[in-house]
Amino acid sequence: MANAVKGVIAGAKGAPVRVETILVPDPGPGEALVRIQACGVCHTDLHYREGAITNDFPFLLGHEASGIVEKVGPNVTNVAPGDFVILAWRAPCGTCRSCLRGRPWYCFASRNAQQKMTRQDGTPLSAAIGIGAFAELTLVAAGQAVKVNPAARPEAAGLVGCGIMAGLGAALNTGGVSRGDSVAVIGCGGVGNAAIAGAKLAGAHTIIAVDVDDRKLEWAKQFGATHTINSRQTDAVQAIRDLTGGNGVNVAIEAVGKPETYRQAFYARDHAGTVVLVGVPSPEMKLELPLLEVFGRGGSLKASWYGDCLPTRDFPMFIDLYLQGRLDLERFVSETITLDKVEDAFHKMERGEVLRSVVVF
Ligand SMILES: [Zn+2]
Ligand SMILES: [Zn+2]
């Protein structure tokens, strides 16, 4: 049986998104049907709408979501109807070459639902990052539904499913920030501020926030930045060195995804330090660096996919830290909106007015 519900569809490249009635199948083997309670509006949804990711229109957008498991198909053991879950776009397969090497956060065959959600006329929908959660119900692989403490507020919890996890994980998993480290975070939107919160959780001593927007730097202070630099007014690299005894930081996190900010991160780190790229570049971007500097500075240059997270390990932990008052997820929720306001939320995001707009159902 298919369930007719409302969902937000990007029908054509660049066209405004629309709420349509969609058909969501009942779960088959290994699948779970989830009643969505909240779903954040992420840059990636906008990138889908702009045709910047793939051309497989129409898309069912939305992927930073939490909800309640409604039904499960045969052979599902990790969740049951009534469970409160966060949806993950990484559900390790357990059998690919990376999973077999004990590195499931690099899984190359992450699972998704087998059945397609469709328009009423039967046209299959491409679900954003294999989720599609701007909808009252969505169908996922059961492994994508990660059970967490139901005491969490859905609008805060859902954000752990994408951008906030990426930022926390860039600091904690990829960057390996630890007690006493100095850290710089370049770009203080949702992901960058989550990296700041992650650095604080890890016990970093100096946390330097860099952005071109004073409003975002104010947010950064609230998440734990000890210093802020407006790089429109000040040379960020020099300012970071000045704040670290002339040396640069142990870990420099780039949360913008542009060559010029990557170079800032590269030059703002101390010798043998780490650069983490978590900002997502676009295909035409190129990076030029003196190779001798890459060699001579040692350390490591890393990229962070989804914060190198293992959802079943990390989601419940971050939700518990939030419930203990040690991770302020609520502060990322700038506003809650209804399903028909996603297009407006894209414009607010482009103007830098919000950390996250979150659709509540
Ligand atoms: Zn795998
Ligand atoms: Zn996202």
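Gly7 stands opposite Glu20 in strand E2. This is a predicted model in which local features need pLDDT of at least 70 and side-chain atom pairs count only at pLDDT 80 or more, while totals for chains, interfaces and linings use all residues. Residues are numbered from 1 along each chain as its sequence is written, chains are lettered from A and ligands numbered from 1 in the order in which they are written, and side-chain values use heavy atoms, with hydrogens and water left out.

E1 (residues 2-10) and E2 (residues 18-25) pair in the antiparallel sense over eight bridges; strands count as paired if DSSP finds at least two bridges between them. Helices (H or I, at least four residues) and strands (E, at least two) are DSSP runs, numbered from the N terminus. E1 also pairs with E4 in the antiparallel sense, over two bridges, and here the bridge partner of Ile9 is Leu60 in E4.

Donors are N, O and S atoms within 2.8 Å of the metal (3.2 Å for Na, K and Ca); water is not among the atoms, so sites may look incomplete.

The zinc ion of ligand 2 is coordinated by Cys42 (SG), His63 (NE2) and Cys162 (SG), at 2.1 to 2.2 Å. Two of these link distant parts of the chain: His63 sits in the loop between E4 (59-60) and E5 (64-72), and Cys162 in the loop between H3 (154-157) and H4 (163-174), 99 residues apart. Both His63 and Cys162 are buried, meaning under 20% relative accessible area (1.4 Å probe, protein chains only).

Finally, helix H6 (residues 214-223) has Lys216, Leu217, Trp219, Ala220 and Phe223 as buried residues. They lie on the same side of H6 because they cover an arc of only 155 degrees around the axis, taken from the directions from the helix axis to the C-beta atoms. At the N-terminal end, Asp213 caps H6, with a side-chain oxygen 2.9 Å from the backbone nitrogen of Arg215. Just after H6, Gly224 takes a positive phi of about 125 degrees.

Note on methods: Buried < 20%, exposed > 50% of the residue type's maximum accessible area, 1.4 Å probe, protein only. Polar contact = N/O pair within 3.5 Å; in protein donor to acceptor, adjacent residues only side chain to side chain.
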